[in-house]
Amino acid sequence: RGILLKHKILLLLAVVAGMSLFSEEADIVEENKTMKSIPELQKLERKAYHKELKKIMINSRRNGSLFKDAIGRYYTNGRYKFQLDSDYNDPKFSHVEYRFEDGTYETYTYPLALTEQKRYRLIYRAVDKLGNKEDEHIYDIIVDKTPPTISYSLEGLFHENDGRTYYKPGVKLLLSAHDSNSGIYTILTSIKDRTRRSGEQKFTHLGYLPYTENQKEFTKHGQESVLVRAMDKVYNLSRKKELLFFIDARGPKFVTARVSPETREIDGKAYCKKNSIVYLSAEDDDSGVYGMQYRLSDNEAWKDYRGKITLREQREVNLQYRASDNLGNMSTTKTMQCLMDITPPDSTIKSMEKP
């Protein structure tokens, strides 16, 4: 009985520690126990992180992976093989037998490969040559072969135009992932490098890194492309998901003013008539034109353009105008200047008397 108790203790310790009784490869359990935390991953340089990730993935595919959660459940990716035999040198030791749930006991001979995705209840015990059986050991094992699912949202001002959604600079990308089995280990993002180098035909991505706070905000004008993947705690990696969105950081590009009747140039100066009408127009290729504003002097408040501007009596016209798009981006301010001549010319009649 003392021998069996000793064997039982060794068996239990070996399972918990991931040694020969429960693990074909001792370093796999240890690797899961020493999984780097998300802050630790975020501190790694890109090259070092890719090396770490590659090592994890190769080992996971070759030997499987095993993760134990806080309440004692084990998770595996379906490649892990459970080894229950013992090298304990006890002349009375006979064998280890096991069963699943309500099944009958079988003598253990080969490592157990649990490949079907489901929950297993593994029950096993050691038997000596006298038929003495130790108390049953019961372990819950969940085979998790399903990668996490990813969801995202963009937080910020936006406007839809011609079937495309445009976001104001400063929009935040909020990512989350869900895994109903072993849980989320990390979310990975690769942001498109929008600095095109000499000889490159297209933009490239910078490479995957763990999702961090400083990847949330986007401010540069143009289309953003973010590749997203998620990994669970037995290293199931989701497929690549590309997020495309457009940042509109520029105001309307084409803002013009047309005067009717047209100004005339005399002696190098532009002249306009009293009660001339000024028409403003603007174009924006992105979120679209929201409105235009104008003022007739630096001291005036800006007024909303309502379709036309009538030039009243004033010596010098200094019309300033601008346009805004649907995200509040303002164009550069332009100026139309002309001199208004409101004084008619004088004329005299020459004397008709004969000399």
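Glu136 is partly exposed, with a relative accessible area of 35%, where buried means under 20% relative accessible area, exposed over 50%, and partly exposed in between, found with a 1.4 Å probe on protein chains only. This is a predicted model, in which local features need pLDDT of at least 70 and side-chain atom pairs count only at pLDDT 80 or more, while totals for chains, interfaces and linings use all residues. Residues are numbered from 1 along each chain as its sequence is written, and side-chain values use heavy atoms, with hydrogens and water left out.

Which residue forms a salt bridge with Glu136? The partner is Arg99, and the closest N and O atoms of the two are 3.3 Å apart; a salt bridge here is a side-chain nitrogen of Lys or Arg within 4 Å of a carboxyl oxygen of Asp or Glu. Glu136 lies in the loop between β7 (119–128) and β8 (137–143), whereas Arg99 belongs to strand β4 (residues 93–100), so the pair ties together parts that are 37 residues apart in sequence. The names of such elements come from DSSP runs numbered from the N terminus, with helices being H or I runs of at least four residues and strands being E runs of at least two. Arg99 itself is buried, with a relative accessible area of 15%.

A second salt bridge brings together the side chains of Glu101 and Arg119, at 3.1 Å from N to O. Because Glu101 lies in the loop between β4 and β5 (106–107) and Arg119 in strand β7, this pair ties together parts that are 18 residues apart in sequence. Glu101 is partly exposed at 33% relative accessibility, and Arg119 is partly exposed as well, with a relative accessible area of 43%. These two residues also belong to a network of salt bridges that links Glu101, Arg119, Arg121 and Asp140. Another salt bridge joins Asp69 to Arg73, with the closest N and O atoms 2.7 Å apart; Asp69 is buried, at a relative accessible area of 14%, while Arg73 is partly exposed at 34%. Over the whole structure, a search finds 9 salt bridges.

The aromatic side chains come next. A pair of aromatic rings is described by the distance of the centres and the angle of the planes. The structure holds 12 aromatic pairs, counted where rings of Phe, Tyr and Trp (its six-membered ring) have centres within 6.5 Å, with planes under 30 degrees apart called stacked, over 60 edge-to-face and the rest tilted. One of them is the edge-to-face pair of Tyr98 and Phe100, whose centres are 5.8 Å apart and whose planes make an angle of 75°. Tyr98 counts as buried at 11% relative accessibility, whereas Phe100 is partly exposed at 27%. Tyr98 and Phe100 form one aromatic cluster together with Tyr108 and Tyr120.

The charged end of Arg125 sits over the ring of Tyr105, 3.9 Å from its centre. Likewise, the charged end of Arg322 sits over the ring of Trp302, 3.9 Å from its centre.

Strands of a sheet pair through backbone hydrogen bonds, either parallel or antiparallel. Strand β23 (residues 289–295) and strand β26 (residues 316–325) run antiparallel and are joined by 6 bridges, where two strands pair if DSSP finds at least two bridges between them. Both strands belong to an open sheet of 6 strands, in the order β20-β21-β27-β26-β23-β24, with mixed pairing. Its edge strands are β20 (264–266) and β24 (303–304), each of which pairs on one side only.

Elsewhere, 7 bridges join strand β19 (residues 254–260) to strand β22 (residues 277–283), and these two run antiparallel; in β22, Val278 is the bridge partner of Val259. Strand β22 is also joined by 2 bridges to strand β25 (residues 309–310), again antiparallel, and there Ile277 stands opposite Thr310 in β25.

For the chain as a whole, the secondary structure comes to 4 helices and 27 strands, and buried residues make up 42% of its 355 residues.

Notes
A charge sits over a ring if NZ of Lys or CZ of Arg is within 6 Å of the ring centre and within 35 degrees of the ring normal.
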